[in-house]
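Please read the following points alongside the model, which is shown below. They are arranged by chain, with the contact between chains at the end.

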Amino acid sequence: MIAPLGHSVILAALILAILGSGASFTAGRLGSASLLAWGRRAAFAVLALVAAAVGLMLVALVTHDFSVKYVADVGSRETPLYYTIISLWAALEGSILFWAFLLAAYTTVFLLIYRNRFAELQPYITAVLLAVSAFFLFVIAGPGNPFQTVSPAPADGPGPNALLQNHPMMGLHPPLLYLGYVGLSIPFAIAVASLLVGAPGPSVLQLIRRWALIPWVFLSLGIIAGMWWSYAVLGWGGYWSWDPVENVSVMPWLVTTAFLHSLQVQERRQMLKAWTMSLIMSAFLLSLLGTFLTRSGVVVSVHSFTQSAIGPVFLGFLAVVLVTSLGLLFARSRELGAPGSLDAAVCRETAFLFNNLLLVAITFTILLGTVFPLLAEVLQGSQLSVGAPYFNHVAVPIGFTLLFLMGVGPALPWGAARLEDLQYRLLLPVVAGVATILILLALGVRGVGALVTFGAAGFVLTVTLERVVADIRTRRGNTAEGLTAATRRLMRANPRRYGGYLVHIGVLLVLIGIAASQSYQERGSATLRPGQSVSVDGYTLTYRGLRPRQESNRMVLAAEVGATRAGENLGSFRPSQNFYTAQQLTVVTPAVREEPWGLAAGLFAGRNPLPDLSQLLHGRNPVEDLYLVLEAVDTRNADQHPQRVPGASPRPAEANRSITLLVLINPMVGFIWFGGLVVGLGGVFALLPARRRQRVTVPSVEVEGGIHRPLQPEEVTA
Amino acid sequence: MKRALWSLIIAVPLVALLAAGFGRDPSAIVSPLLNKQAPEFTLRSLDNKPVSLASLRGRPVVLNFWASWCLSCKDEHAYLLDASRAYAADGVTIVGVLYQDTPADARAFLNQYGSGGWPQLRDPGQRTAIDYGVVKVPETYFIDRRGVIRYKTVGPVTPDVLAQQIPRLLRTAA
Amino acid sequence: MRRWLGWIAIAWLLMLCAVALIAYGTPAGASSLDDRTRAVALQLRCPVCQGESVADSPADIAKAMRTLIREQLAAGRSPDSIKAYLVSRYGNWISLAPPTSGIGVVAWLAPPLLVLGGLGLLLTLIAGWRARGMASEPGIRAAYIERVRAELNAD
């Protein structure tokens with residue numbers, strides 16, 4: 001019942017999307033308002049239909065209707081309700097349905113907000129968005145159909161992939177990422193529409209900027225959420241492995257960041273128009289390419305969905321979008337190619353140009369590395385891998401350079417900088433950066449890479465803060481406002497600039513966290529019987545016993561481990577191996593004591609943070625994670641193979657089995673998550689409209705008793 | 001319009017490259033040991049007798065990595081039993097190497113499915129498996145009389161492969 | 001000379017920093033056998049996983065490989081020779097970095113060439129843009145700047 005109904009709803013949406021797209025496009029050519037109205041109605045109807053389809057799928061999932069193919073693939077009666085609901089995006093077909101829903105929602109929101117503006121572009125924007133929707137609906141209706149009927153309906157299903165039901169974060173990470181990927185369709189549509197009509201003017205550029213920044217914020221948060229998921233859920237102690245699916249998420253982000261910078265150059269000097277347009281169109285292309293690469297089976301990834309007929313279809317669509325984008329850019333090259341001019345070689349404009357060069361270089365490198373195994377095999381038949389050693393080797397130097405640039409850019413003025421003046425602006429930040437390095441060296445911190453990162457961070461932070469202080473001082477000099485009033489009004493008047501500075505600071509925090517956690521990780525591993533302890537880097541971990549627990553969909557084999565540090569009891573942790581019965585798969589789940597969240601949470605719970613902070617005096621970093629992994633149970637059988645599941649059937653004296661415990665000390669990982677939030681916050685702030693209030697004094701004359709009326713123009717003397 | 005054609009010139013090779021990726025199995029691997037000398041080993045059998053590859057020089061060897069817990073090894077074992085009987089007179093030796101298995105489980109498997117009488121070797125630490133580039137079980141190497149690896153199957157051997165490859169090994173000179 | 005005082009100070013500070021880093025920045029003492037094993041294992045791909053390194057993979061074959069690497073390092077073999085051994089048995093794909101010969105050269109050379117080429121292109125473009133900027137209305141611009149300077153100096 002649900003399956004054919006869902007399929008019909010999707011077909012109807014597909015037809016409406018095609019018709020609506022055609023109607024809107026024609027409306028643009030003919031200038032017909034009524035056709036455009038039909039196009040808009042089609043867009044709203046598509047949203048209603050796709051929402052209905054999503055609703056039907058959710059109902060099917062929750063009621064365990066296994067006659068629907070998608071539910072038969074990822075549903076299970078044993079899966080808890082929360083994971084059943086979020087299994088909407090656990091597998092390929094459902095995730096494409098979710099994508100189509102988000103696209104329809106974005107389209108509707110956009111059309112409603114701007115229904116009375118940008119009349120010239122509306123038809124083409126609607127047409128492009130509906131055309132992209134039509135593609136995704138075609139995939140859902142055809143090769144990637146989640147609504148196929150399965151007959152006879154099985155009694156139960158395997159449930160979503162064990163990795164995807166192991167942690168509640170699975171409910172947040174994909175939606176955030178998808179809001180980013182899907183959101184890039186909008187600036188793409190605006191860009192295409194503006195190129196169809198002529199070339200984008202300043203107000204259109206602002207529109208594109210806003211609708212590029214929104215998905216950018218989601219992508220930033222989604223990428224950080226993915227890193228956190230990888231860290232806290234996957235149990236290998238790291239947060240980034242240069243897996244293809246990670247790479248494809250960061251490429252659109254990098255290109256959109258480049259766009260947001262080059263746009264500023266275009267705004268000020270009316271140059272780089274073609275380049276800026278190429279960047280934002282590439283962002284959308286990369287998000288499509290990413291979806292293609294990870295879903296077609298062409299590249300092996302831990303996220304790889306199985307090979308299916310969807311691959312060639314996606315590639316075809318990608319080709320169409322690529323040809324359209326390039327064609328439009330070439331066709332409009334005269335309008336876009338206004339010759340640029342600069343007043344000086346050293347200025348913020350050139351800093352932004354270098355920023356673009358580096359960001360595009362990293363993007364290209366990541367793309368090359370990700371598809372290189374495919375390239376090598378197709379061109380030469382060689383089988384190669386490209387992994388972390390390669391990406392770290394090429395991306396890190398470029399990353400360092402970008403870090404320095406983040407400090408140099410804001411220090412440079414727009415227009416022209418005299419080299420002699422620049423040195424004074426840079427002197428204090430350089431002092432701060434060098435001082436950071438020397439102080440850390442004196443405190444005993446080692447490791448060139450990390451120290452340079454910290455020094456550069458000090459440099460960039462000082463530049464940024466110095467800029468803000470200088471701006472506040474200038475404003476107070478002009479308006480004689482108090483400090484808080486001046487700061488508040490300054491920020492509200494220029495949210496773009498200060499949001500940008502906040503984003504820079506957030507990026508700094510992320511880079512500091514990455515540098516510290518990569519350079520100073522400590523590891524230790526031991527086989528323990530109940531009561532035995534192991535010491536790693538000042539922590540003492542005592543294994544108390546095994547505590548197995550049977551849940552509806554899995555068997556949680558948890559080890560109770562007590563942790564102390566310098567005599568202080570840090571509590572008890574339960575790293576576990578979770579065995580999912582339906583899929584016969586074990587997920588190793590770590591137990592992590594995360595700082596500084598622990599300190600902050602402890603503050604709220606009334607716990608005294610001083611003992612932790614006093615670790616600083618002992619030369620220890622209080623902001624470090626204690627990361628415990630239950631590597632193996634009953635390790636006396638060294639030849640035991642992985643498929644024989646440990647603890648599949650609980651035996652008596654369960655609690656006394658021996659374990660192998662892996663202990664990781666990860667310093668300053670919390671900075672990455674906190675920095676990510678700051679980046680998101682900065683992006684949101686930059687989206688705020690600028691509020692500039694100006695006092696206007698009107699000459700007036702008193703009429704009676706305190707009431708004034710403005711002077712008429714003829715009454716004003718001198 | 002002519003300029004817009006440039007877009008096709010750029011797009012077509014890129015798309016063709018990606019399209020060529022279809023039909024590839026990203027997990028199919030070619031062994032670098034093909035047509036090279038098989039790595040030497042001396043391992044103890046389940047009966048605790050040492051067996052070395054050098055001692056088998058002059059005879060074709062079918063080297064089979066397997067485990068009792070691997071489902072497809074069960075089917076493969078039946079085919080290997082047939083082959084051992086069929087080629088016994090020709091001096092073809094099948095050698096089994098255990099992969100991440102316990103002797104007790106291996107013996108139980110052989111008791112249940114039949115031991116072909118060929119040596120079953122223990123490989124502590126999987127050193128020999130790593131030496132041969134074994135990725136997962138079952139994998140089988142066809143080694144000729146001179147000790148050169150002529151063929152490798154990844155996954156269970158089928159009667160067809162055995163019928164094709166063993167005669168090939170027999171045809172090679174010592 | 002005074003005009004460049006700031007730059008001299010900056011250069012001096014950076015040099016001081018570099019010296020301090022080189023002298024004290026590297027941790028004293030050789031890394032442990034565990035660390036060296038991990039360093040080698042991080043460069044190899046776990047044969048049964050999708051892209052995980054031998055260092056981080058929980059698979060038993062990865063554990064066996066880590067033990068093998070450890071023993072060989074303890075016996076004095078170099079990391080490169082251990083890697084080469086495994087590549088000779090499994091194929092190039094077991095190395096997580098593409099080989100530096102054959103088609104792998106493209107992967108290693110492309111990023112630096114791109115950056116250098118892009119840099120060259122960018123510098124050429126900037127020179128051209130600056131030339132155009134200097135050429136347009138120099139008289140008005142220069143006069144305005146002079147006036148501002150004069151007023152500032154008059155205070």
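Among contacts in chain A between residues at least 6 apart in sequence, what percentage join residues at least 24 apart? The figure is 75% for chain A, and the points below, which concern a predicted model, begin with that chain.

1. Confidence in chain A. The mean pLDDT of chain A is 87, and 92% of the residues reach a score of at least 70.

2. Overall form of chain A. The secondary structure of this chain amounts to 22 helices and twelve strands. For 718 residues a compact globule would have a radius of gyration near 27 Å, and the 29 Å of chain A agrees with that. Taken along the principal axes, the box filled by the C-alpha atoms of chain A is roughly 100 × 70 × 70 Å, and buried residues account for 52% of the 718 residues.

3. Strand 6 of chain A. Why can this strand, residues 576-580, be called largely enclosed by the rest of the structure? Five of the five residues of strand 6 of chain A are buried, so the strand is largely enclosed. The side chains divide between two directions, with Ser576(A), Asn578(A) and Tyr580(A) pointing one way and Gln577(A) and Phe579(A) the other way, and all of these are buried.

4. The partners of strand 6 of chain A. Strand 4 of chain A (residues 554-565) pairs with strand 6 of chain A in the antiparallel sense over five bridges, and in this pairing the residue opposite Phe579(A) is Met555(A). Strand 7 of chain A (residues 585-589) likewise pairs with strand 6 of chain A in the antiparallel sense, over five bridges, with Thr589(A) opposite Ser576(A). Strand 6 and strand 7 of chain A form a hairpin with four residues between them, and in its turn Gln584(A) has a positive phi of about 55°.

5. A position in helix 16 of chain A. Val431(A) belongs to helix 16 of chain A, which covers residues 419-443. With 16 other C-beta atoms within 10 Å, Val431(A) is partly exposed. Thr462(A) is 31 residues away from Val431(A) in sequence, and their C-alpha atoms are 9.4 Å apart in space.

6. Overall form of chain B. Chain B has five helices and seven strands, and from the N terminus on its elements follow the order α-β-β-β-α-β-α-β-α-β-β-α. The globule rule gives 16 Å for 174 residues, whereas the radius of gyration of chain B is 21 Å, well over that value, so chain B is more spread out than a compact globule. The C-alpha atoms of chain B fill a box of roughly 80 × 35 × 30 Å along the principal axes, and 34% of the 174 residues are buried. Of the contacts in chain B with a separation of 6 or more, 77% are between residues 24 or more positions apart.

7. The sheet of chain B. Five strands of chain B form an open sheet in the order 5-4-3-6-7, with mixed pairing. Strand 5 (120-121) and strand 7 (149-154) of chain B stand at the edges with a single partner strand each, so one side of each has no neighbour in the sheet. Within the sheet, strand 3 (residues 61-66) and strand 6 (residues 139-143) of chain B pair in the antiparallel sense over five bridges, and Asn64(B) is found opposite Thr140(B) of strand 6.

8. Chain C and its contact with chain A. Chain C is divided into domain 1 (31-97) and domain 2 (104-154), and the C-alpha centres of these two domains of chain C lie 49 Å apart. As for the contact between chains, 50 residues of chain C touch 58 residues of chain A. Helix 1 (5-24) and helix 5 (104-135) of chain C each supply at least two residues of the side of chain C that touches chain A, and helix 5 of chain C gives the most, with 14 residues. By residue type, that side of chain C divides into 29 nonpolar, 15 polar and six charged residues.

Key
Residues are numbered from 1 along each chain as its sequence is written. Chains are lettered from A and ligands numbered from 1 in the order in which they are written. Two residues are in contact if their C-beta atoms, placed from the backbone, lie within 7 Å. Ala, Val, Leu, Ile, Met, Phe, Trp, Tyr, Cys and Pro count as nonpolar, Asp, Glu, Lys and Arg as charged, and the others, Gly among them, as polar. Two strands pair if DSSP finds at least two bridges between them. The radius of gyration is taken over C-alpha atoms; the globule rule is 2.2 Å times the number of residues to the power 0.38. A residue is buried if 20 or more other C-beta atoms lie within 10 Å of its own, exposed if 12 or fewer, and partly exposed in between; C-beta atoms are placed from the backbone. Domain bounds come from an automatic or database domain assignment. pLDDT is the predictor's confidence in each residue, from 0 to 100.
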